[in-house]
Amino acid sequence: MYYTWINTVVGKILIAGDDAGLRTISFEKGKYSAEIGIDWKKDEVFLKNAVDQLKSYFAGELKKFDLPLCPEGTPFQKSVWKALLDIPYGKTASYKDIAVAVKNPKAVRAVGGANGRNPIPIVIPCHRVISSDGKMGGYSSGLDIKERLLKLEREHCL
């Protein structure tokens, strides 16, 4: 596994991946902050495309990522993460919307759990999921980061 760190407007972010694709984006501070594995190798060149796209996203220039993704999770989690990719830049969807999208309309809580376990936030836009009543809901790296990501997208959504 290769990794690098980048500084962003929402803090320092760890990016990790291998030949199969991007596996982890983790905020330096957060509920599920990633730890660097003992067999991981620091390599900015290997992850250059991901770094460049993330920098473009934070600059408001990139609205859709084009990266090979390889998140690890259960089949249900993967179905939720795939559905998150369909939420357009600058828009939001409810946990219920995602439950319906994965053809399991009663699994709203399970969708919330899968959303919170997303190993590749930002690229798989779990920050775009909100409660049905329009409230922010949770975010594993803190609501302040979720609000900043949504604000960034609203400001560049034209």
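I120 is found in the loop between helix α4 and strand β6 (129-130); helices (H or I, at least four residues) and strands (E, at least two) are DSSP runs, numbered from the N terminus. The model is predicted, so local features need pLDDT of at least 70 and side-chain atom pairs count only at pLDDT 80 or more, whereas totals for chains, interfaces and linings use all residues. Residues are numbered from 1 along each chain as its sequence is written, and side-chain values use heavy atoms, with hydrogens and water left out.

**Surroundings of I120**

- I120 is buried, with a relative accessible area of 0%; buried means under 20% relative accessible area, exposed over 50% and partly exposed in between (1.4 Å probe, protein chains only).
- Leaving aside neighbours within four places in sequence, I120 is in contact with L22, R23, T24, I25, L69, C70 and P71, where contact means heavy atoms within 4.5 Å.
- D144 lies 24 residues from I120 in sequence and 18 Å from it in space, C-alpha to C-alpha.

**Packing of α2 and α4**

- Helix α2 (residues 75-84) packs against helix α4 (residues 108-116) at an angle of about 80 degrees, with the axes 9 Å apart.
- Axes are lines fitted to C-alpha atoms, for helices over the stretch in contact, and angles run from 0 to 180 degrees between N-to-C directions.
- The two helices α2 and α4 are therefore roughly perpendicular (65 to 115 degrees; under 35 is roughly parallel, over 145 roughly antiparallel and the rest oblique).
- On the α2 side F76, Q77, V80, W81 and L84 take part, and they meet A110, V111, A114 and N115 in α4.
- The residues of this contact divide into seven nonpolar, two polar and no charged (nonpolar: Ala, Val, Leu, Ile, Met, Phe, Trp, Tyr, Cys and Pro; charged: Asp, Glu, Lys and Arg; polar: the others, Gly among them).

**Aromatic rings**

- Rings of Phe, Tyr and Trp (its six-membered ring) pair if their centres lie within 6.5 Å; planes under 30 degrees apart count as stacked, over 60 as edge-to-face and the rest as tilted.
- By this rule the count comes to five aromatic pairs.
- Y3 and W40 form a tilted pair, 6.2 Å centre to centre with 45 degrees between the planes.
- This pair links distant parts of the chain, 37 residues apart: Y3 is in strand β1 (residues 2-8), and W40 is in the loop between β3 (21-27) and β4 (41-42).
- Both Y3 and W40 are buried.
- Ring pairs link Y57, F58, F65 and Y89 into a cluster.
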